[in-house]
Amino acid sequence: MFSELSLEPTRYKYVLIPVATIGCGKTTVFRTLNELFPNWSHIQNDNIPKSPSKSQLVDSCLTELAKPEVDVVLCDRNNHVFRERSQLFDQFLALKENFLPADIGLKFIAVNFVKSTLTKDKLWDITLSKVSKRGNNHQSIKFNEDEDHARSVMLGFVRRFKYLDTSVEPDSLFDDVIEMDIENENFSFNNTKKVIQELSKFPELQKAGIDKVDDTQLKSAFEKALSYVPTFTKT
Ligand code: GDP
Ligand code: MG
């Protein structure tokens, strides 16, 4: 009788949250997805100028999700420590009502780039090889300009990295986890495919035809994503 007063969501929008370090292919996977699904929004923390506001990333994500055509936001940041994951949950839940009506719920999907069996040594080797090849082609990590600095920033992320642990908060708050594998050549192609497969089970996304993507479309989107050159420099 009072169903119109119910605060239960009747439909969901999706927030993809990486758990990663530098060079795991977050931006490549997200750009490939964005090529395939132009209505999804890719918000890169690396494109947000440093500012005193601590919630700019979440504000930007929610601004996008408030648009009727946007069902998925790709929240591109490493989130390599529990504090960063907690901060995202806290901010999304606190700020959501400023942007979205109560009948739209959010599902938080972890995109886990560092599986539990990948050692930190292996993580370091794989990502160093990718980031050294990326060279200066990044908003803030200019590998060719100052290799020592780039290595020390990367090493800090790997050392501090906390593996995903869904048995305790904050990681238990994820609605779903999609496991990535970065231990093969062209891992971002396979990883994007896996994200699409896993998201196909959600009714809103299935309705939008997410499972209709074929390998040819995926390959062409992946190649475009690999040649991505950022236009913004973050200091
Ligand atoms: P992020 O720091 O996690 O956002 O990592 P990026 O997406 O920037 O990837 C790091 C570097 O590896 C970039 O130069 C990418 O072009 C490259 N890269 C990412 N995925 C692949 C892949 O599957 N194959 C190849 N050959 N290069 C990749
Ligand atoms: Mg990136």
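A residue is called buried when its relative accessible area is under 20%, exposed when that area is over 50%, and partly exposed in between, with a 1.4 Å probe and protein chains only. Ser51 is partly exposed under this rule because its relative accessible area is 30%.

The structure described here is a predicted model, in which local features need pLDDT of at least 70, side-chain atom pairs count only at pLDDT 80 or more, and totals for chains, interfaces and linings use all residues. Residues are numbered from 1 along each chain as its sequence is written, chains are lettered from A and ligands numbered from 1 in the order in which they are written, and side-chain values use heavy atoms, with hydrogens and water left out.

**Overall form**

The protein contains eight helices and five strands. These elements are DSSP runs numbered from the N terminus, a helix being H or I with at least four residues and a strand being E with at least two. Along the sequence, the elements follow the pattern β-α-β-α-β-α-β-α-α-β-α-α-α.

The radius of gyration is taken over C-alpha atoms, and the globule rule is 2.2 Å times the number of residues to the power 0.38. For 235 residues, a compact globule would have a radius of gyration near 18 Å, and the protein agrees with this because its value is 18 Å. Along the principal axes, the C-alpha atoms fill a box of roughly 65 × 45 × 35 Å.

Buried residues make up 49% of the 235 residues. The protein exposes about 12,000 Å², of which carbon and sulfur atoms supply 50%; accessible areas come from the Shrake-Rupley method with a 1.4 Å probe, and for residues only the protein chains shown count as cover. A contact means heavy atoms within 4.5 Å. Of the contacts with a separation of 6 or more, 75% are between residues 24 or more positions apart.

A residue is near a molecule or strand if one of its heavy atoms lies within 4 Å of it. There are 15 residues around ligand 1, and Lys26, Thr28, Arg134, Asn186 and Ser188 come nearest. The shell divides into five nonpolar, six polar and four charged residues. In this division, Ala, Val, Leu, Ile, Met, Phe, Trp, Tyr, Cys and Pro count as nonpolar, Asp, Glu, Lys and Arg as charged, and the others, Gly among them, as polar.

Helix H1 (26-36), helix H4 (120-134), helix H6 (187-199) and helix H8 (215-226) each supply at least two residues of this shell. H1 gives the most, with three residues.

| Protein atom | Ligand 1 atom | Distance |
|---|---|---|
| Polar backbone atom of Cys24 | Oxygen atom of ligand 1 | 3.1 Å |
| Polar side-chain atom of Thr27 | Oxygen atom of ligand 1 | 2.8 Å |
| Polar side-chain atom of Ser188 | Nitrogen atom of ligand 1 | 2.6 Å |

On its own, ligand 1 has 570 Å² of accessible area, and the protein covers 86% of it.

**Residues in loops**

Thr21 lies in the loop between strand E1 (11-19) and H1. Thr21 is buried because its relative accessible area is 1%. Leaving aside residues up to four places away in sequence, Thr21 touches Lys26, Asn78, His80, Leu123, Thr127, Phe157, Val158 and Phe161.

Ser51 belongs to the loop between strand E2 (41-44) and helix H2 (56-65). A polar atom of the Ser51 side chain is 3.1 Å from the backbone nitrogen of Ser53.

Asn79 is not a glycine, yet it has a positive phi of about 50°. Asn79 is located in the loop between strand E3 (72-76) and helix H3 (82-99), and it counts as buried because its relative accessibility is 0%. Asn186, also not a glycine, has a positive phi of about 55°. Asn186 is in the loop between E5 and H6 and counts as partly exposed, at 41% relative accessibility.

Pro170 is found in the loop between H5 and strand E5 (176-179). A cis peptide bond, with omega of about 5°, joins Glu169 and Pro170.

**A residue within a helix**

Met154 is placed in helix H5 (residues 147-160). Met154 counts as buried because its relative accessibility is 1%. Not counting residues up to four places away in sequence, Met154 touches Ile22, Trp124, Thr127, Leu128 and Val131.

How values were computed: A polar contact is a pair of N or O atoms within 3.5 Å; within protein, one must be able to donate a hydrogen and the other to accept it, and residues adjacent in sequence count only if both atoms are side-chain atoms.
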